[in-house]
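My entries follow in the order in which I made them.

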Amino acid sequence: MISRSIKTCLRKIFGDRFSDETGLLFAYSYDAKFEGAPDAVVFPVDSDEVSRLLSLATEEGFPVIPRGAGTGQTGGSIPVEGGVVLSLERMNRILELDRENLTLTVEPGAITGDVKSYVAGFGLYYPPDPASYEFSTIGGNIAENAGGIHAVKYGVTANYVLGLEVVLPTGEMISFSGKLYKNATGYDLRDIFIGSEGTLGVITRAVLKLVPAPEAYATALVGFPDVSSIRRLASTVRSLSASACELVGKNIVPILMENFPSTLPPKTSYLMLVEFDGFGDEPKRLLDSMLSSFREVSFVVARDDSERERLWDIRRNVSPVIRANCTCGVSEDIVVPPASVPEMLEFLEELQAEFSVKIFSFGHAGDGNLHVNICYDELFPERQIEQLLEALFRKTVSLGGALSGEHGVGIAKKRFLDIYLSEESIRLHRRLKRILDPRGILNPGKIFDE
Amino acid sequence: MNERCVRCGKCNPVCPTYRVSGNELFSPRGRYLLGERVLSGKIPATSDVVKSLLSCTDCYLCNPICPVGLDIVEMVHRARETFFVRDESCSRFSLSGFGIDYKGEKYEGKMSRGDGSVLLFPGCLVIDSFGDTLERLTELLACLDIPFVIIDACCNYPDWFKGGKICLPVEEETEFYVVCSSAYISLKKDAGVRYFLSFFEDVFPVRLPDNAVFVQEEASRSLGLIVADRQISSPGDLLLIFQQDSGMVHLLFERLIQQARGDVLVFESFHNLAVFRSLFPDVHSYHIIDFIHREVMES
Ligand SMILES: Cc1cc2nc3c(=O)[nH]c(=O)nc-3n(C[C@H](O)[C@H](O)[C@H](O)COP(=O)(O)OP(=O)(O)OC[C@H]3O[C@@H](n4cnc5c(N)ncnc54)[C@H](O)[C@@H]3O)c2cc1C
Ligand code: SF4
Ligand code: SF4
């Protein structure tokens with residue numbers, strides 16, 4: 001609980017952009033997965049207000065939880081011990097498109113989809129595309145280092161952040177790098193804020209890198225009978241620099257077959273949606289060269305835009321299919337080196353049999369990031385879920401992988417962190433946190449315990 | 001139905017009140033979850049909860065977006081019933097009362113038809129938040145040499161929902177065309193109120209089938225309401241589309257067009273046909289009304 005006098009100070013700074021009313025506190029008590037209510041919510045409109053809030057918090061020692069659109073999957077924007085939610089939704093302006101330097105300067109609350117369509121109007125492309133891009137914010141994407149389908153070719157959010165303005169927990173405001181494409185001056189401190197899940201500083205402005213928008217696509221849906229083909233297929237796809245390489249796992253394919261009877265390649269256990277993008281007839285050439293080197297697979301190639309959309313519809317149908325067939329379960333987003341995806345898939349089958357659960361897996365085979373949905377009935381014992389998850393993460397790490405490829409740790413995976421991070425590494429995390437946030441006021445209780 | 005809100009937040013950015021306020025309390029996700037709790041008695045209807053639920057403009061934009069297929073607006077309506085207060089006063093510009101900054105000229109007097117020009121009632125959301133639609137519409141009228149007067153007023157829909165009184169912005173019996181379908185719903189009890197759809201029948205040599213539905217990209221998201229109003233048993237036997245070139249249209253109409261078993265009629269500035277075809281490859285027959293030449297083209 002924060003004290004009356006603190007609330008008075010906050011009212012002074014934020015006026016009617018401060019609230020602690022019942023409805024509002026409820027509306028800021030959830031993300032896509034977790035729940036926890038704040039004591040108050042503030043809506044700053046500039047970095048100066050963010051700085052005043054954080055100085056006060058460090059002085060008085062109350063928690064501040066940055067929040068974008070609240071679409072996180074790991075509880076990053078959820079207060080675990082009360083405090084003030086710092087909503088960045090009103091700091092959502094697109095500030096400057098620099099067409100000479102190919103950069104876009106934005107405030108953190110800008111919706112990623114708005115940014116993408118804004119630059120598309122100028123023939124430009126902002127590639128990062130988490131599945132939530134139409135409803136999550138740039139700040140949230142940077143804080144989680146979000147990635148998506150096109151990461152296999154274009155990389156993740158971090159690859160498109162040139163400059164950052166950050167307000168530290170102590171209230172100091174620092175700008176990093178601006179519009180520079182390279183910079184070897186001093187430590188690269190900018191990057192510690194990317195993926196820091198709102199625990200090290202509040203991002204108040206970002207300079208994003210843009211690229212020319214691709215103009216041509218070549219898309220195919222490839223079906224194959226067993227995991228053995230995946231390894232070669234995925235590595236070929238990567239070496240040809242495909243822009244998407246999406247895998248759909250065994251349990252999902254038969255249901256998709258029913259939903260899209262005539263579109264799917266025959267004799268299919270696994271599906272891979274492969275797309276090349278670029279200019280002129282290059283994408284088509286690359287796709288042809290890929291397909292010509294595989295005999296064991298069957299495939300459907302999109303002949304025009306509408307067929308391409310149809311193939312993507314199949315991929316988009318994956319989440320609804322899982323939702324319809326899995327009323328109770330957990331969803332993980334592990335990442336392994338791309339070449340280890342087949343081994344991981346085989347392991348998931350063993351896990352499914354061992355624990356008598358149903359596992360629906362799909363994801364970004366090209367970059368090794370798999371979404372693993374583990375479904376069980378409501379009476380399934382909690383302890384066994386924990387054992388199953390631990391087994392999954394241990395296997396992931398033994399393959400050289402990590403707990404999360406894009407959703408972050410938050411409060412969801414905190415208890416498993418030491419499976420991946422060494423003791424020394426966790427100590428370094430803590431030290432870094434303490435240097436930047438001496439009183440531990442910024443988003444406490446996330447990623448690791450202090 | 002046992003479908004639950006998965007709290008994905010997908011519905012939020014399409015909501016005009018969320019866009020303007022930047023506040024989850026005024027978002028579809030917030031309203032749905034609050035509504036649930038108000039109905040089950042878990043959260044009391046405090047003043048900010050009431051404000052959240054009443055400020056929904058019933059534009060229905062959120063419903064087609066929800067991947068779970070929830071009826072968000074219906075939840076809002078049910079929750080509202082727990083605290084309706086009848087209010088017979090006649091307040092205008094309701095939206096401004098709900099945190100939406102209504103920038104239009106305050107309409108004071110009453111309009112009459114006078115010089116024979118068409119009276120257009122765009123509705124405050126169209127004027128304030130979706131100016132693009134209005135611009136396209138007036139361009140079209142100018143292009144057709146049809147004189148028009150815009151009634152810049154609010155329809156009182158939110159007040160009407162609370163049981164308030166509708167105050168007609170025109171003299172009794174004066175005919176005017178309402179562009180926003182929510183506004184149409186709230187005003188239509190009066191004789192002179194005509195839905196904009198009939199305007200096309202008046203102006204063009206086409207006879208629209210009874211089951212025609214007029215969809216504009218931004219203003220009339222109340223497709224559900226209009227469908228109900230025109231008593232179409234299956235939505236979208238025929239769809240009329242007006243202005244559809246922003247990225248939003250794909251999301252908005254995807255489902256509706258999938259349901260459109262029959263023809264799709266496109267009211268459009270024609271350069272978008274290519275876009276339309278690429279977005280909706282499964283729609284086989286088009287009727288395109290060429291506004292300029294007043295011709296109907298079919299494919
Ligand atoms: C249906 C669905 C699909 C999804 N698909 C993907 C996907 O494909 N890929 C993917 O990577 N993620 C995905 N996500 C997860 C989520 O959308 C991302 O993590 C996204 O980046 C969160 O953005 P947000 O604006 O909602 O942030 P929030 O959820 O509000 O916050 C997320 C974290 O960022 C911090 N934060 C937010 N803004 C700032 C700021 N300005 N400064 C500092 N810290 C800040 C918060 O404290 C919190 O820790 C999906 C989520 C859903 C619901
Ligand atoms: S009906 Fe319109 S105003 Fe109401 S919640 Fe849905 S999108 Fe928002
Ligand atoms: S889109 Fe549907 S499921 Fe998602 S938050 Fe909105 S109401 Fe809930």
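**Entry 1: helices 13 and 14 of chain A**

I looked up helix 13 (residues 341–355) of chain A and helix 14 (residues 382–398) of chain A, which pack at an angle of about 160 degrees with their axes 11 Å apart. Axes here are lines fitted to C-alpha atoms, for helices over the stretch in contact, and angles run from 0 to 180 degrees between N-to-C directions. Helices (H or I, at least four residues) and strands (E, at least two) are DSSP runs, numbered from the N terminus.

Helix 13 of chain A and helix 14 of chain A are therefore roughly antiparallel to each other. I noted the angle classes: under 35 degrees is roughly parallel, over 145 roughly antiparallel, 65 to 115 roughly perpendicular, and the rest oblique. The crossing of helix 13 of chain A and helix 14 of chain A is right-handed. A crossing is left-handed if the near helix is turned anticlockwise from the far one by less than a right angle, and right-handed if clockwise.

On the helix 13 side of chain A I listed Glu343(A), Met344(A), Phe347(A), Leu348(A), Leu351(A) and Phe355(A); they meet Gln384(A), Gln387(A), Leu388(A), Ala391(A), Leu392(A), Lys395(A) and Thr396(A) in helix 14 of chain A. Contact means heavy atoms within 4.5 Å. By class, the residues of this contact are 8 nonpolar, 3 polar and 2 charged. Ala, Val, Leu, Ile, Met, Phe, Trp, Tyr, Cys and Pro count as nonpolar, Asp, Glu, Lys and Arg as charged, and the others, Gly among them, as polar.

**Entry 2: conventions**

This is a predicted model, in which local features need pLDDT of at least 70 and side-chain atom pairs count only at pLDDT 80 or more, while totals for chains, interfaces and linings use all residues. Residues are numbered from 1 along each chain as its sequence is written, chains are lettered from A and ligands numbered from 1 in the order in which they are written, and side-chain values use heavy atoms, with hydrogens and water left out.

**Entry 3: helices 1 and 3 of chain A**

I then took helix 1 (residues 4–14) of chain A and helix 3 (residues 47–60) of chain A, which pack at about 165 degrees with axes 10 Å apart. Helix 1 of chain A and helix 3 of chain A are therefore roughly antiparallel to each other, and helix 1 of chain A passes helix 3 of chain A in a right-handed crossing. Ile6(A), Cys9(A), Leu10(A), Ile13(A) and Phe14(A) in helix 1 of chain A meet Glu49(A), Arg52(A), Leu53(A), Leu56(A) and Glu60(A) in helix 3 of chain A. I sorted the residues of this contact into 7 nonpolar, no polar and 3 charged.

Is Cys245(A) buried or exposed? At 1% relative accessibility, Cys245(A) counts as buried; the term means under 20% relative accessible area, exposed means over 50%, and partly exposed is in between (1.4 Å probe, protein chains only). Cys245(A) lies in strand 13 (residues 244–248) of chain A. Leaving out residues up to four places away in sequence, I found that Cys245(A) touches Val152(A), Val237(A), Met272(A), Leu273(A), Gly363(A), His364(A), Ala365(A) and Gly366(A).

I also looked at phi. Most residues other than glycine have a negative phi. Leu102(A) is not a glycine, yet has a positive phi of about 55 degrees. Leu102(A) is in the loop between strand 5 (94–98) and strand 6 (103–106) of chain A, and is partly exposed at 25% relative accessible area. Asn145(A), also not a glycine, has a positive phi of about 45 degrees. Asn145(A) sits in the loop between helix 5 (138–144) and helix 6 (151–154) of chain A and counts as partly exposed at 22%.

**Entry 4: chain B**

Chain B has 12 helices and 9 strands, and 59% of its 299 residues count as buried.

Asn23(B) lies in the loop between helix 1 (16–21) and helix 2 (28–39) of chain B. Asn23(B) is buried, at 6% relative accessible area. Beyond four places in sequence, Asn23(B) touches Leu24(A), Tyr28(A), Phe43(A), Glu89(A), Arg90(A) and Tyr18(B).

Helix 2 of chain B packs with helix 4 (residues 72–80) of chain B at about 40 degrees, with axes 9 Å apart. That makes helix 2 of chain B oblique to helix 4 of chain B, and their crossing is left-handed. I classed the residues of this contact as 8 nonpolar, 1 polar and 3 charged.

**Entry 5: ligand 3**

Around ligand 3 I listed residues with a heavy atom within 4 Å of it, among them Cys5(B), Cys8(B), Cys11(B), Arg29(B) and Cys66(B). The shell around ligand 3 divides into 9 nonpolar, 1 polar and 2 charged residues.
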